[in-house]
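I opened this notebook to record what I looked up in one structure. The entries below follow the order in which I consulted it.

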Amino acid sequence: PESARRHFREFLRHYRLGAQRYVYREKLLRLHRRLAANTNEALNGANGAGVDSGNNDVDADGNGGNSNRKAGAFQHRGGNAMLEIDIAHLGEFDPEFLGALRQNPAEFLPAMEVGASEAL
């Protein structure tokens with residue numbers, strides 16, 4: 001639903017871990033920069049075909065994916081991207097939203113993917 005899209009977008013923009021660190025905003029910015037660089041390389045023909053052979057997954061600490069946290073995919077302007085979130089963070093931000101997500105994931109996840117693509 002529309003409210004899930006907006007709410008998840010705001011979670012990504014405003015959730016803080018500690019006093020100053022905006023975990024998901026920082027992750028989205030790093031992911032955006034990496035995908036934009038890969039897109040520019042492909043458009044400019046840099047490094048042969050310009051294909052990124054690296055992993056675009058980023059975990060909640062900003063590291064490469066391989067954690068046990070749940071992940072969500074979303075469409076980025078430069079292609080598909082993967083953003084992992086810690087479900088506990090979502091529960092801290094809004095326990096009711098997490099409860100609704102757990103009750104009806106098929107309804108919420110597509111809206112959350114759109115919200116993630118709009119977060120930047």
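**Entry 1: the chain as a whole**

I began with the contacts (heavy atoms within 4.5 Å): among those in the chain between residues at least 6 apart in sequence, 56% join residues at least 24 apart. I note that the model is predicted, that local features need pLDDT of at least 70 and side-chain atom pairs pLDDT 80 or more, and that totals for chains, interfaces and linings use all residues. Residues are numbered from 1 along each chain as its sequence is written, and side-chain values use heavy atoms, with hydrogens and water left out.

I then listed the secondary structure, taking helices (H or I, at least four residues) and strands (E, at least two) as DSSP runs numbered from the N terminus. The chain has five helices and two strands, in the order α-α-β-β-α-α-α along the sequence.

For burial I used relative accessible area: buried is under 20%, exposed over 50%, and partly exposed in between, with a 1.4 Å probe and protein chains only. By that criterion, 34% of the 120 residues are buried. The accessible surface (Shrake-Rupley method, 1.4 Å probe) is about 6,900 Å², and 49% of this belongs to carbon and sulfur atoms.

**Entry 2: the core**

I looked next for nonpolar cores, meaning sets of buried Ala, Val, Leu, Ile, Met, Phe, Trp, Tyr and Cys residues joined through side-chain atoms within 4.5 Å. The largest has 19 residues, and Phe8, Phe11, Leu12, Ile85 and Leu90 have the most contacts inside it. Two or more residues each come from α1 (2–14), α2 (23–44), α4 (95–103) and α5 (105–118).

I checked Phe8 individually: beyond four places in sequence, Phe8 touches Ile85, Leu90, Phe97, Met112 and Ala116.

I then turned to Met112, which lies in helix α5. Its relative accessibility is 6%, so Met112 counts as buried. I recorded a C-alpha to C-alpha distance of 9.7 Å between Met112 and Leu101, which are eleven residues apart in sequence.

**Entry 3: helix α2**

Which residues of α2 are buried? I found Val23, Tyr24, Lys27, Leu28, Leu31, Leu35 and Asn38. They lie on the same side of α2, because they cover an arc of only 115° around the axis, the arc being that of the directions from the helix axis to the C-beta atoms. On the other side of α2, I found Arg33, Leu43 and Asn44 exposed.

The 22 residues of α2 should span 32 Å, and the end C-alpha atoms are 32 Å apart, which agrees.

Note on methods:
Expected span 1.5 Å × (residues − 1).
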